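Hello,

I am passing a structure on to you. Please have a look at it first; my notes follow below.

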Amino acid sequence: MSTVELWISFFGLMLVTLITRGFFLLAGSKFHISESVHEFLRYAPTAALIAIVLPELIFMKQTTSQVFELNLYSPQFFGGIAAVMGFLLTKSMLATIFFGHACFYSGEDFHQLLM
């Protein structure tokens with residue numbers, strides 16, 4: 001790929017990004033979004049966060065076969081459960097981080113004992 005083709009690709013990608021991300025901002029209030037769509041969009045960040053974090057908590061990659069496997073005894077899973085329980089009990093972000101990390105590191109030691 002030549003230098004000119006790379007620059008054309010960069011500007012094309014930049015243009016596509018600007019159009020797709022700025023479409024609703026540039027259009028302003030010309031589009032009417034119903035209340036039900038607003039209600040659905042309220043849950044989009046939470047759903048996206050769960051979709052990113054949950055596989056990291058419950059699946060572990062096997063080092064020999066490079067396949068992800070469900071592992072409910074992983075330290076990440078213990079840390080995630082403890083963080084959720086810490087948040088539900090205290091409603092504090094600091095306590096959530098503390099409980100999650102404490103159980104993650106203790107679960108990591110326990111996991112190494114089992115292996």
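**The salt bridge**

Glu39 and Arg42 form a salt bridge, with their closest N and O atoms 3.1 Å apart. Please note that this is a predicted model. A search of the whole structure finds 1 salt bridge. Both partners sit in helix α2, residues 35-42. They are 3 residues apart, about one turn of the helix. In general, an α-helix has 3.6 residues a turn, so residues three or four places apart point the same way. Glu39 is partly exposed, because its relative accessible area is 36%. Arg42 is exposed, at 56%, because the cut-off for exposed is over 50%.

**Helix α1**

This helix covers residues 3-27, which is 25 residues. From first C-alpha to last it reaches 35 Å, close to the 36 Å expected at 1.5 Å a residue. Even so, α1 has a kink of about 45°, centred on Arg21. Gly28 follows α1, and its phi is positive, near 65°.

**A nonpolar patch**

Which residues make the nonpolar surface patch of about 810 Å²? They are Met1, Leu6, Trp7, Phe10, Phe11, Met14 and Leu18. Phe11 belongs to helix α1. Phe11 is partly exposed, with a relative accessible area of 48%.

**A buried threonine**

Thr96 lies in helix α5, residues 93-114. Is Thr96 buried or exposed? Thr96 is buried: its relative accessible area is 13%, and buried means under 20%. Setting aside neighbours within four places in sequence, Thr96 is in contact with Ala83, Gly86 and Phe87.

Best wishes

Key
Residues are numbered from 1 along each chain as its sequence is written. This is a predicted model: local features need pLDDT of at least 70, side-chain atom pairs count only at pLDDT 80 or more; totals for chains, interfaces and linings use all residues. Side-chain values use heavy atoms; hydrogens and water are left out. Helices (H or I, at least four residues) and strands (E, at least two) are DSSP runs, numbered from the N terminus. The expected span of a helix is 1.5 Å times one less than its number of residues. The bend at a residue is the angle between axes fitted to the seven residues ending there and the seven starting there. Buried means under 20% relative accessible area, exposed over 50%, partly exposed in between (1.4 Å probe, protein chains only). Contact means heavy atoms within 4.5 Å. Patches are made of residues with over 30% relative accessible area and no salt bridge: like charges are joined within 9 Å, nonpolar side chains (Val, Leu, Ile, Met, Phe, Trp, Tyr) within 5 Å. Accessible areas come from the Shrake-Rupley method with a 1.4 Å probe; for residues, only the protein chains shown count as cover. A salt bridge is a side-chain nitrogen of Lys or Arg within 4 Å of a carboxyl oxygen of Asp or Glu.
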